[in-house]
Amino acid sequence: MRSEAESFDILGRALAAAKADEADACFVSVDQNISRFANSQLHQNMSEEEASLTLRVILDGAMGVATTTGFDDEEIARTADVAREAARHSKAVPGFQGLYRDHEPVPEVDSFDEATAALAPLAKAQALRTMFDRGAAAGVEFAGAYATGASSIACGNTHGIRRYARMTYADATAIAIGQAGSGFATRRERAAAAVDVPALGDEATLKATLASGRTEDLEPGAYDVILEPPALGEVFDWMNMIAFTGQSYEDGSSFFVGNLGRRMLGENFTLVDDAVRYLPFPFDMEGLPKRAVPIVERGVLRTPVLDKAWADRLGLAPTAHAWHLGSPEHGSAFHLTMDGGDSTREAMIASTKLGIWVTRFNYVNGLLEPRTALMTGTTRDGTFLIRDGKVAARLPNLRWTQSMVEAFSNIESLSRERRSIGTWYNMFGGTLAPVVKIRGWNITGKQEKSEG
Amino acid sequence: MGPERVQLEEVLASLANPSLRYADIRYTATHQQHVKVRNGEVDHLSSTVDRAVGVRVLMGNGWGFAATSDLSEESIRRVARRALEVAAASNIASTQQVTLSEIEPHVASSHSEYRIDPWSVSIERKLDHLMQATEPMRGDPRIHQVSGEISCYRQEKRFASSIGSFIEQTTTQMGGGIEAVAIDGAEFQRRTYPNPFGGDFQAAGWEFIEGLQMPVKALQIRDEALALLAAPKAPAGRFDLIVGSAQLALQVHESCGHPAELDRAMGLEISLAGGSFLQPPMLGTFRYGSPLVNIVADATIPGSIGSFAFDDDGVPAQRFHLVENGIFVDYLTGRDTAPVLGRTSNGTVRAETAARIPIIRMTNINLEPGETPLADIIADTKRGILVETNKSWSIDDLRLNFQFGCEVAWEIENGRVGRMLRNPLYTGNTPDFWRSCDAVGDRASWQIWGLPNCGKGDPMQTMRVAHGAPAARFRNVEMG
């Protein structure tokens, strides 16, 4: 993690070296420690101090981007040469109005926790040891990861924009594995104090031991499902890629194309990218202030998420979603918050005559038919049969193939409580989601263990 | 640039701790360039240089790893001390005995071959090549997007270990591909050549890009994308399925390569993409596929992006069977996992860069060719479906239940290729699927495919692997 002065010095030297009509740059420094465990053993434990500088130059409206991990004057000059050469061979982005220059204030948010930044690997290992010991008493072993990090993020451009913020995160996942099956719990927060690792272990253990000794099978068909936040998080990771990005809107693959302002999903479905209130962060890498951006509002499609160049190109309002300069996605939603409702998970189970309670999904893929957001995946780490309002049995992991346009039009109820879920590709934010009950989810197969 | 041998060895020598059992230090400089055109415009032009040093130590039974992108001597020494601190923490929550398989020290230097240095070819020439390959595909109003991309990759690596190895390796790779996207109303179809997600990749230079002949293939890709708009949907039901080489390569990746990783089988990767149905007691007896199925891990193939001279444990690259005549016979292993089987490492441990922990990764995992020409397989199929080019992939947390979608399919009726079909999906259970294999294509249909984006680990490491596969036929597979 670097100071504001050091970060601005590097940015300033990079922008000076750009020698272009316009230029912007971002400098990101990350210190992180990730402790991975399996079989209740801490088997991988890594710390990293990493920093990188990305410089984008604009020549006659055309862009070139170069990234380096070296910051002396010679390396910065070489990086600027590479970026300029790229821009010289590029073409102007149609409609591009130039880099951000409005100097609006950024929201005052609390994105840094000193205690998390100072958390030593030893303290994390001790928390894991506590979880492992509790698991041994309950007859389960744990697998998962406990990650903490502190970052400094700075960006600026040749119009005088300078932004700097520090950010921490703490993210833990715990899979409890016992005789009956496995269970899962996870949480991501800004402060490690909000991520109680042994408590996550207890939650996972409860799922691993629930309905122990009772297993049933299920034929393919359409069923009511109760999806926990981690399952929704997996789906939203793919929705982000195939439907929300500027690129998917521009290339025609997103179901948002031609449908902005139309109600395509259920009235009880609202999805907002909100970096002001959820895992807060004040600006994007182009320096635009973050704000809450409704993506879907009561079922009505509002906007894709965009970097400035693609907002200009598409004639849409900028949404401040440039997380990498020159990113081919041209905008990604890293702070997705789904509105909850007034129900509870227990009430959803009680109201279900025949259905499936799903803890999480595995290996979702959203490329089947992107215009309907048709996806497939399997369930894992706790899939339960609900019959007559009660947890009747454990189910094998199930394959499903389901259009999300259809699914998010068929939400029966949502919980008031929401959970923050991390994503592997996104250090800035995550997904905040409730538990939802959805009618008519298509189960298409199941995991069948093979005999030798 | 970057620390030299003497500096790396001095850092190792400075790691004085009575509990220290093993240490290594790596330096990597990873250079990448990516050029993409879209609809007659330059869509993306970027260049990246990533330099890192990583130190890995084993103290007692605790592993510690620390890395930095700051190459100053002070920073590297700080990272080395940090690795010891992390290993000490690991010992708090790690009680299992760690045993390392024996290895000889090696001092070696190697580099992959290329004829035309990727960085010697101007950006202008790369763009011209892509424009020539994509512009002919434009014109029809239903063609919404055409694009093409070229990637250049070079990684220089230095490795020194406490057993006295010092190994320098450099790999240079290129990749490229084109795609056409056709839209008609609600119908959206994408066709790519030679493969989606950036195309095909080899450890080679510009000569590989020229050899792909993308400008020659462009109109076929456009025509197939347009034809898919009006093609009937692939039917649901059970069919004899002929899987083309590129799609079968991904099937090998997901349903054999990943489950044969010993760390996955031991549960060490469960928290991400899951475990493996292939468990150690099955070695040597489990019928994974029909007797026609031979799957080999071979890190020694010249020109493939899954090849190297030494892995990141300092173990020499090797060739060995994972599946022999249909029987599961070996795993991909490393020095700290192979002893669990009573074996020595077969050299498959790698890290994306020096900033990441080395873990077991696929090399070149190949389905060996059989003896039947593809034309004969088709002629011998009464009622079937031929699928080509991956579109979607999903497999469960034990690598058993899978579903793949492909860009295109064709009906096979009475030994002849018939109508084109859109949106084919097939699904099954891994061993049932491979046991149903009753025809494996000959060397003429076999090709090795570079896959530069295999994800594993936490933090996620994107590894460059490859798969050779012919076309093959599978009986009575569920479609739809």
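This is a predicted model: local features need pLDDT of at least 70, side-chain atom pairs count only at pLDDT 80 or more; totals for chains, interfaces and linings use all residues.

Colleague: Fine. Which residue forms a salt bridge with Arg380(A)?

Modeller: That is Asp397(B). The closest N and O atoms of the pair are 3.6 Å apart.

Colleague: And how many salt bridges are there between chain A and chain B?

Modeller: The count is eight. Polar contacts come to 49 residue pairs between the two chains, with both residues at pLDDT 80 or more.

Colleague: Which strand gives the most to the side of chain A that touches chain B?

Modeller: Strand β2 of chain A, residues 41–59. It puts 11 residues there.

Colleague: What does β2(A) pair with in chain B?

Modeller: With strand β3 of chain B, residues 62–68. The pairing is parallel and runs over four bridges. As one example, Ser47(A) has Ala66(B) as its bridge partner in β3(B).

Colleague: Let's zoom out. How many residues are in contact between chain A and chain B?

Modeller: 79 residues of chain A touch 85 residues of chain B. The buried area between them is about 6,800 Å². Carbon and sulfur atoms give 48% of that.

Colleague: Which residues in chain A lose the most area to chain B?

Modeller: Arg36(A), Glu49(A) and Tyr363(A). Together they make up 10% of what that side buries.

Colleague: Now chain A by itself. How many helices and strands?

Modeller: Chain A has 10 helices and 17 strands. Its radius of gyration is 23 Å, close to the 22 Å that the globule rule gives for 452 residues, so chain A is as compact as a globular protein of that length. The C-alpha trace spans about 70 × 55 × 45 Å along its principal axes.

Colleague: New topic: the open sheet of four strands in chain B. What is the order?

Modeller: β12-β11-β10-β15, with antiparallel pairing.

Colleague: Which strands stand at the edges?

Modeller: β12 (327–328) and β15 (365–367) of chain B. Each has a single partner strand, so one side of each is left without a neighbour in the sheet.

Colleague: How many bridges join β11 of chain B to β12(B)?

Modeller: Two, and the strands run antiparallel. β11(B) covers residues 319–324. Glu324(B) stands opposite Ile327(B) in β12(B).

Key: Residues are numbered from 1 along each chain as its sequence is written. Chains are lettered from A and ligands numbered from 1 in the order in which they are written. Side-chain values use heavy atoms; hydrogens and water are left out. Contact means heavy atoms within 4.5 Å. Buried area is the accessible area (1.4 Å probe) that two parts lose on being put together, summed over both. A salt bridge is a side-chain nitrogen of Lys or Arg within 4 Å of a carboxyl oxygen of Asp or Glu. A polar contact is a pair of N or O atoms within 3.5 Å; within protein, one must be able to donate a hydrogen and the other to accept it, and residues adjacent in sequence count only if both atoms are side-chain atoms. Two strands pair if DSSP finds at least two bridges between them. The radius of gyration is taken over C-alpha atoms; the globule rule is 2.2 Å times the number of residues to the power 0.38.
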